[in-house]
Amino acid sequence: MPEWLRVILFIIFVLSFAGLNAAYLVWCERKGAGHIQRRIGPKEVGPFGLLQPLADGAKLMSKQLFLPKGVDPILFMVAPLMVMVPAIMSFCVIPFSETFVAREINLGLLMIFAFASVNVLGLLLGSWGSANKYALIAGARCVSQNVAYEIPMLITTITMVMVTNTMNLNEIVRSQAGWFIHWHIFRLDMSLLMPVSFLIFFVCSLAETNRAPFDMAEAESELIAGAYTEYPGMGFGVFFMGEYANIVIGCALTAILFLGGWQAPIPLNFGGFLGVLWGMSWFFLKLYALIFTVIWIRWTYPRTQFYELLNLSWKVLIPISLFNLILTALQIKIFPWL
Amino acid sequence: MNGTLQQDVNQETFTLNLGPQHPATHGVLRVKLVMDGEYIVEAEPVLGYIHRMHEKMGENRTWAKFLPNCGRMDYLSALSYNHGYVAAVERAAKIEVPERAEYIRVITVELNRISSHLLWFGAFVLDLGGFTPLLYAFDDREFILDLLESVTGSRLTYCYFRFGGVYNDIDDAFIAGTREFIKKQRKRMPMYDALVTKNIILIKRLKEIGPISKDMARRYGATGPVARGSGINYDVRKHEPYSVYPELDFDIPVYEEGDSMARYMVRMDEIEQSMRIIEQALDKLPEGEIKPKKAVKMVKPEKGDYYHAVEAARGSFGVRLVSDGKNQAYRLKLRSPTYSNLSLYGEATKGMLLPDALALMGSLDLVIPEIDR
């Protein structure tokens, strides 16, 4: 396959994957919430309400893109894109299976974190540009939350890079081949606190994507809709898609770093097209199990208070992840054969 | 809410309008906040958005015609309001109430109190960002609404009590249904305990947040769960007994802490106490009439000044009647509990963070139509 065709096919795949995921994760979320709350959820539009996302999309798109009085028009329009585009960009290094990856970049992990940091800038500009006090409070919260949670997340990632010796996501997955006990979460011989690392990483990815119980940017009972308060129609829709794309990226990274990515739990691999399907199905299984957990948490717990959220990061997660980093470094130095 | 973010540059504070349309105020309440960042410098509740002049209405219609208004003030515990008004008129016009009617009143009022507390529980956790308990609470509340619908004919704005009795007798199906509800609800409460009350996030958000001191509660005339959460042991049912409450054995839950958690715990405990009251009342329910033998046709209380208070779900609800001997009131003054409970909001929230202040507002259990009568 020529390189240009491959790139075009991947652009189409990634865009449709991100779009469909956003639309159908909303459906999953509403269905999941419904069943958690002893009701049915969407059921009228199409079988099992499966066409509901399309109806929602049509509604959002047909709404007027209204510019409220006093907003900064450029920032107001650009901000949703700054949340959406970096999230889609990150998909190009995610290995869906051993061969099904747009670009196997050696610094893939670094690239994802670089793009993930743009997300908060988009939210901040959007909330500043809306000239709304609630949005402004949400924007300020967003920044301090993202700064606080990026640190333990990155420290944990450094730990993972130390034990795997690579930043190439596909290499990280390849190093977890074999039975499921070779997945990093079970590799206590690599780092004693591996399950703790997993937990820290997962909690941080919840906070980074502004999901409950850390949904400070939205906080609907306090700040109305937080940073999205003034956004009409598709402006809000794009923010929303960006948020869901970020959830997918966060869960995909968790699956790749700790749960073996596209590796099956048994040492069985196929070549060719069957191998792609086999790898992809395991990857998606892990990915959606994690996403379900995210949804489950949201519909079970109340929201944390903001200073509790920061305390958790600065007083608990950062010290633990630093300790973990030092412990792992010592472990690598003292027992280099493991 | 448009434009000028830069107002008050020198003082570094800004004004934030919380409401009249805001998800946390549960109605058309507006709170004018002067904020320093996320800290509240000053909070001033602005009332009157849905004022409907209920007191004035009481002065220009006959005593009986005012009855339907009672269900439209506190729409969540409408029967307590029915009870307060009816009891005040009965005291003024010296109307005897058959014992069975009194028991039926107590049973229905307590059922209504449970449904009100359940709804509050759900809405309060919703204020804190937890969506699911609301629907669980609605599920339980539905059972009560069905029961009350079967005897009163309506589900929300009841107009069930009459001068000298009640409109409709309760039947065996209602009694069996009520007993079944209590059995079911006793099994549900441990689930709420595990899912919500013992949740670490909820405890961190409520413990030692929004303290209302005993002194502050007294100064503003707070009653009901708000006062009892601040260590004031005051419940009209016990301290100025009316109806058949003296014959029933129940406790008044009082917590000394005065924080949002204390008010939460008071209401959760009151659900159990109300169930105890209902059980005893059902056991003791006498046979007999539900209306006076000689029907009450034209009520004309003697000239005078009368007051009667009842314990509604949110605190003491008092009715003051001034009668000049005609068939309508000369003056009707309604004392609603949340009006007093809300007035301490400005003092209690000084220096508080916005989310904590909203948790405090939720714990006051506001029903706006009752504040703006």
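Guide: In H10(A), the buried residues are Gly279(A), Phe283(A), Lys286(A), Leu287(A), Leu290(A), Ile291(A), Val294(A), Ile295(A) and Arg298(A). Residues are numbered from 1 along each chain as its sequence is written, with chains lettered from A and ligands numbered from 1 in the order in which they are written.

Visitor: What makes a residue buried or exposed?
Guide: Buried takes 20 or more other C-beta atoms within 10 Å of its own, exposed 12 or fewer, and partly exposed is in between, with C-beta atoms placed from the backbone.

Visitor: Then why does Arg174(A) count as partly exposed?
Guide: Arg174(A) has 16 C-beta neighbours inside 10 Å, so it gets that label. Arg174(A) is found in helix H6 (residues 169-174) of chain A.

Visitor: What do the buried residues of H10(A) pack against?
Guide: Helices H1 (3-36), H7 (194-208) and H9 (233-258) of chain A. Helices here are DSSP runs of H or I with at least four residues, strands are runs of E with at least two, and both are numbered from the N terminus.

Visitor: How do you know what span H10(A) should have?
Guide: The expected span is 1.5 Å times one less than the number of residues. With 27 residues (272-298), H10(A) should span 39 Å, and its end C-alpha atoms are 39 Å apart, which agrees.

Visitor: Over in chain B, what makes S2 and S3 a pair?
Guide: Pairing needs at least two bridges found by DSSP; S2(B) (residues 30-36) and S3(B) have seven, in the antiparallel sense. Lys32(B) stands opposite Glu44(B) in S3(B). Three strands form the open sheet, in the order S1-S2-S3.

Visitor: Why are S1(B) and S3(B) edge strands?
Guide: Strands S1 (14-18) and S3 (39-46) of chain B each pair on one side only.

Visitor: How many residues of chain B are in contact with chain A?
Guide: Contact needs C-beta atoms, placed from the backbone, within 7 Å; 29 residues of chain B are in contact with 28 of chain A.

Visitor: And how confident is the predictor in chain B?
Guide: Mean pLDDT is 87, and 97% of the residues of chain B reach 70 or more. Over residues 1-6 of chain B, pLDDT stays under 50. Where pLDDT is low, the predicted coordinates should not be read in detail.

Note on methods. This is a predicted model: local features need pLDDT of at least 70, side-chain atom pairs count only at pLDDT 80 or more; totals for chains, interfaces and linings use all residues. Two residues are in contact if their C-beta atoms, placed from the backbone, lie within 7 Å. pLDDT is the predictor's confidence in each residue, from 0 to 100.
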